[in-house]
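Reader: Please show me the model. I want to go through a few side chains with you.

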Amino acid sequence: MERDDPAYKGQRDYNALLLAAYDPLVLGPIARFVWRCPTTRLVELYRRHTRDRHLDIGPGTGYFIEHAGLPSGSQVTIVDPNRNVLRHVSRRLRSRSVTAVEADVLKPLPVHGQFDSAALHLVIHCLPGPLERKAAAVADVAAVLAPAGVLFGASVIGSSGRHTRAARMFLRAFNWQGGFDNLNDTEDGLRDILGASFEQVELETIGSIAVFAATRPRPAPPS
């Protein structure tokens with residue numbers, strides 16, 4: 001991804017050092033004590049919704065895919081603009097059938113076939129705002145889902161969220177640093193961009209994080 005791309009800041013810091021520290025730090029104390037959404041709740045989301053042909057946008061370290069309880073023979077496609085992420089996750093999941101695609105979800109996805117499930121998990125808060133721009137990511141995923149497919153994930157709510165003092169400090173710091181761009185992301189806004197591409201949307205907030213699942217993708221509007 002080029003440095004002048006609006007989405008560059010949201011993925012630039014995922015180097016080998018951060019990927020090694022991510023699980024014990026971000027999925028440990030930060031998830032539980034800052035965002036107040038234990039990782040176990042997010043693993044439950046994956047276990048509930050991940051299906052045989054799965055597309056994972058921004059797979060992070062691969063932790064959630066690894067713990068999703070996928071049946072033998074499942075096919076997983078991972079998409080990320082950062083090659084460090086793709087290499088890390090491919091190594092972690094080397095015992096599974098994994099296809100790695102270097103791409104930006106804010107652009108039409110270069111993947112083939114229809115997927116039964118897709119995750120935009122802890123990704124939307126990293127995409128460049130406003131939410132109207134982030135809606136393109138939801139639409140791009142909806143376009144490659146099967147009619148009965150499901151899009152699920154989680155995202156940290158912006159300034160309007162019910163944050164603790166610690167969460168607000170982290171929120172401001174991550175937005176200043178550039179890893180997040182979500183100060184104006186709201187629960188209603190997330191529900192709206194999901195509803196623009198899906199007929200049915202379920203969304204709940206756990207601590208500072210909105211957890212969602214959307215089904216029945218709407219047909220793409222004529223170009």
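**Contacts and aromatic pairs**

Author: Setting aside neighbours within four places in sequence, Leu194 contacts Val138, Leu151, Val201, Leu203, Phe212 and Ala214. Contact means heavy atoms within 4.5 Å. This is a predicted model: local features need pLDDT of at least 70, side-chain atom pairs count only at pLDDT 80 or more, and totals for chains, interfaces and linings use all residues. Residues are numbered from 1 along each chain as its sequence is written, and side-chain values use heavy atoms, with hydrogens and water left out.

Reader: Is Leu194 buried or exposed?

Author: Buried means under 20% relative accessible area, exposed over 50%, partly exposed in between (1.4 Å probe, protein chains only). The relative accessible area of Leu194 is 1%. Therefore Leu194 is buried.

Reader: How do the rings of Trp35 and Phe174 pair?

Author: Rings of Phe, Tyr and Trp (its six-membered ring) pair if their centres lie within 6.5 Å; planes under 30 degrees apart count as stacked, over 60 as edge-to-face and the rest as tilted. For Trp35 and Phe174, the centres are 6.5 Å apart and the planes are at 50 degrees. So the pair is tilted.

Reader: What about Phe170 and Phe174: which class does that pair fall in?

Author: Their ring centres lie 5.7 Å apart. Their planes are at 75 degrees, so the pair is edge-to-face.

Reader: Which residues form one aromatic cluster?

Author: The whole structure holds 8 aromatic pairs. One cluster is formed by Trp35, Phe170, Phe174 and Phe180.
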